[in-house]
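Colleague: I would like a close look at one part of this model. Please take it slowly and tie it to its surroundings.

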Amino acid sequence: MVKKKKGEDQDMGKVAIYPGSFDPITYGHIDVVERALEIFDKVIIAIAEDVEKRPLFSVEERLQMVKTIFKETPNIIADSFKGLLVDYVAKTNAKVILRGLRATSDFEYEFHMASMNRSLNTYLDTLFMMTSKDYFFVSSRTIKEVARLGGGVEGLVPDLVARRLKEKFKLPVTKKKQMGWDD
Ligand code: PNS
């Protein structure tokens with residue numbers, strides 16, 4: 001495992017890696033990444049290719065959505081990675097992994113993941129940011145379920161994501177009209 005020394009890359013600005021499935025990205029994620037820019041000079045949104053869950057969107061589709069959403073924000077970069085997160089982070093000049101925490105129920109999973117990553121590379125820290133109260137109930141999983149069953153997800157995901165979900169689930173025209181998704 002590649003281990004960087006403390007003090008290395010210090011003149012390159014503070015960079016955080018924000019890893020996840022982002023299947024799809026929600027305003028909950030966006031809230032975390034935008035607030036992180038108050039602390040870091042650059043945040044890299046890193047979409048994991050090797051996850052156990054079967055994704056709805058391909059890596060290319062997720063990457064395209066994230067890139068489009070942040071096209072006006074040069075210090076938010078979208079990327080994808082294969083294999084272990086710690087190996088990906090070691091190739092960048094970041095030493096912080098950023099994760100959002102919605103509720104105490106997230107904690108155990110996050111604690112295990114952060115501890116495992118720390119044991120794989122002691123140079124790395126995981127920083128948790130509490131999700132804003134407006135989005136604490138928002139997850140990619142529930143967004144997909146609501147969209148699949150014809151519910152509205154406006155205000156919880158960017159319009160682009162809502163359109164992509166609509167295309168994926170190919171809702172009947174009448175339902176789209178009802179939901180105000182008729183372009
Ligand atoms: O959005 P998610 O699905 O909660 O993100 C989980 C993710 C992608 C951050 C995690 O599964 C991950 O880092 N996967 C890459 C492979 C890896 O390093 N696994 C060991 C972490 S314990």
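Colleague: Which strands do the buried residues of H1 pack against?

Modeller: First, the ground rules. This is a predicted model, in which local features need pLDDT of at least 70, side-chain atom pairs count only at pLDDT 80 or more, and totals for chains, interfaces and linings use all residues. Residues are numbered from 1 along each chain as its sequence is written.

Now the answer. The buried residues of H1 pack against S1, S2, S3, S4 and S5. Helices (H or I, at least four residues) and strands (E, at least two) are DSSP runs, numbered from the N terminus. Contact requires C-beta atoms, placed from the backbone, to lie within 7 Å. Helix H1 spans residues 27-36, and its buried residues are Tyr27, Gly28, His29, Val32, Val33 and Ala36. A residue is buried if 20 or more other C-beta atoms lie within 10 Å of its own, exposed if 12 or fewer, and partly exposed in between, again with C-beta atoms placed from the backbone.

Take His29, which is found in helix H1. His29 is buried, with 23 other C-beta atoms within 10 Å. Leaving out residues up to four places away in sequence, His29 touches Gly20, Phe22 and Gly100. Val138 is 109 residues from His29 along the chain, yet their C-alpha atoms are separated by 9.2 Å.

Next, the sheet. Five strands form an open sheet in the order S3-S2-S1-S4-S5, with parallel pairing. Strand S3 (76-81) and strand S5 (125-130) stand at the edges with a single partner strand each, so one side of each has no neighbour in the sheet. From one strand to the next, the twist averages 30 degrees. Two strands pair if DSSP finds at least two bridges between them. Strand S4 (residues 96-101) and S5 pair in the parallel sense over six bridges. Met130 in S5 is the bridge partner of Leu101.

Helix H2 (residues 59-69) lies across strand S2 (42-48) and S3, at about 175 degrees to S3. Such angles run from 0 to 180 degrees between N-to-C directions, with axes fitted to C-alpha atoms, for helices over the stretch in contact. Arg62, Met65, Val66 and Ile69 are buried in H2. They cover an arc of only 95 degrees around the axis, which puts them on the same side of H2. That arc is taken from the directions from the helix axis to the C-beta atoms. The buried residues of H2 pack against S2, S3 and helix H6 (159-169). Exposed Glu60 and Thr68 sit on the face turned away from the buried side of H2.

S1 leads on to the ligand. Around the ligand are Pro19, Gly20, Ser21, Ala48, Asp50, Val51, Leu84, Leu85, Met113, Met116 and Asn117. Strand S1 (15-20) and helix H4 (104-120) are the elements that give two or more residues to this shell. H4 supplies the largest share, three residues. By class, the shell has seven nonpolar, three polar and one charged residues. Here Ala, Val, Leu, Ile, Met, Phe, Trp, Tyr, Cys and Pro count as nonpolar, Asp, Glu, Lys and Arg as charged, and the others, Gly among them, as polar.

Last, the whole chain. The chain has seven helices and five strands. Of its 183 residues, 29% count as buried.

Key
Near = placed C-beta within 6 Å. Contact = placed C-beta atoms within 7 Å.
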